[in-house]
Amino acid sequence: MATMDRRLLKAATSGDVASLKHLASQEPGVLFGTTPPGNTCLHISSVQGHHEFCESILALDQSPALLSAVNKDGETPLLAAVARGRASLASALLRRCRERQLREAMLKQDRHGCNALHHAVSRGHTELALELVEAEPALSTAVNGRSESPLFLAAMRNFTEVSDKLLDVPDSAHSGACGFNVLHAAVRSGNLGNY
């Protein structure tokens, strides 16, 4: 991909929708430039939490390219938004991924092996975690670089509603860090009733 136009970078960072629309009308391909770390304008606006800017980008570009783009950290815009705690924006991006049937973008794991569900649970965004499991149950099968499954993380944090939902997924991974598993996490959190 081409290097991102500095004006687009500034607009994405600040959330300036008017500048975005002006640039896109002059140069339709401008949306696809990237920064040296591989971030697109959708990555940057997702990290910054600019919901309206993200919606405007996706209205301008109906292709799967920007929603599926992966930066050098292995993040899609959805994954970048969840990892930065932008839960409502991540929910909107998740809906767009579902509409466009971008399963791989939803399942993507970052360079640490974490997917959107790992980050949602780790950041305490239980509603988003439930929405992610509903949208793509296969998120529950992944383990991160520390061998932690989303179910293990949910059990550690005593998020029983999320744990219950994950237990309903037949292939949910149960592993945890240091050779532990979800039962170890349940004992540690004092909640053996669900396991």
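Colleague: Why is Glu134 called partly exposed?

Modeller: In this predicted model, Glu134 has a relative accessible area of 49%, and since buried means under 20% and exposed means over 50%, with partly exposed in between, Glu134 counts as partly exposed.

Colleague: What makes the contact of Lys165 with Glu134 a salt bridge?

Modeller: The closest N and O atoms of Lys165 and Glu134 are 2.8 Å apart, and a salt bridge asks for a side-chain nitrogen of Lys or Arg within 4 Å of a carboxyl oxygen of Asp or Glu, so the pair meets the definition. The pair links distant parts of the chain, with Lys165 in helix 12 (residues 160-167) and Glu134 in helix 10, 31 residues apart. Lys165, with a relative accessible area of 27%, is partly exposed.

Colleague: How do you know that Glu148 forms a salt bridge with Arg146?

Modeller: The closest N and O atoms of Glu148 and Arg146 are 3.6 Å apart, and the cut-off is within 4 Å, so this pair counts as a salt bridge.

Colleague: What makes Asp5 and Arg7 a salt bridge?

Modeller: The side chains of Asp5 and Arg7 meet at 2.8 Å, N to O, and because the definition asks for within 4 Å, the pair qualifies. Arg7 is itself partly exposed, its relative accessible area being 43%.

Colleague: How many salt bridges does the structure hold?

Modeller: The structure holds 9 salt bridges.

Colleague: Why are Cys54 and Cys97 called buried?

Modeller: Cys54 has a relative accessible area of 1% and Cys97 has one of 0%, and because buried means under 20%, Cys54 is buried and Cys97 is buried.

Colleague: Why does Glu127 count as exposed, and where in the chain does Glu127 lie?

Modeller: Glu127 has 56% relative accessibility, which is over 50%, so Glu127 counts as exposed. Glu127 lies in helix 10 (residues 126-135), and on the surface Glu127 gathers with Glu161, Asp164 and Asp168 in a patch of negative charge.

Colleague: Why is Ala155 called buried, and in which helix is Ala155 found?

Modeller: Ala155 is found in helix 11 (residues 150-156), and because the relative accessible area of Ala155 is 1%, under 20%, Ala155 is buried. The C-alpha atom of Ala155 is separated by 9.8 Å from that of Val121, the two residues being 34 apart along the chain.

Colleague: How many helices and strands does the protein chain have, and how much of the chain counts as buried?

Modeller: The secondary structure comes to 13 helices and 0 strands, and of the 195 residues of the protein chain, 51% count as buried.

Methods: Residues are numbered from 1 along each chain as its sequence is written. This is a predicted model: local features need pLDDT of at least 70, side-chain atom pairs count only at pLDDT 80 or more; totals for chains, interfaces and linings use all residues. Side-chain values use heavy atoms; hydrogens and water are left out. Patches are made of residues with over 30% relative accessible area and no salt bridge: like charges are joined within 9 Å, nonpolar side chains (Val, Leu, Ile, Met, Phe, Trp, Tyr) within 5 Å. Accessible areas come from the Shrake-Rupley method with a 1.4 Å probe; for residues, only the protein chains shown count as cover. Lys and Arg count as positive and Asp and Glu as negative; His and the chain ends are not counted. The place of a charge is taken as NZ of Lys, CZ of Arg, CG of Asp or CD of Glu. Helices (H or I, at least four residues) and strands (E, at least two) are DSSP runs, numbered from the N terminus. Buried means under 20% relative accessible area, exposed over 50%, partly exposed in between (1.4 Å probe, protein chains only).
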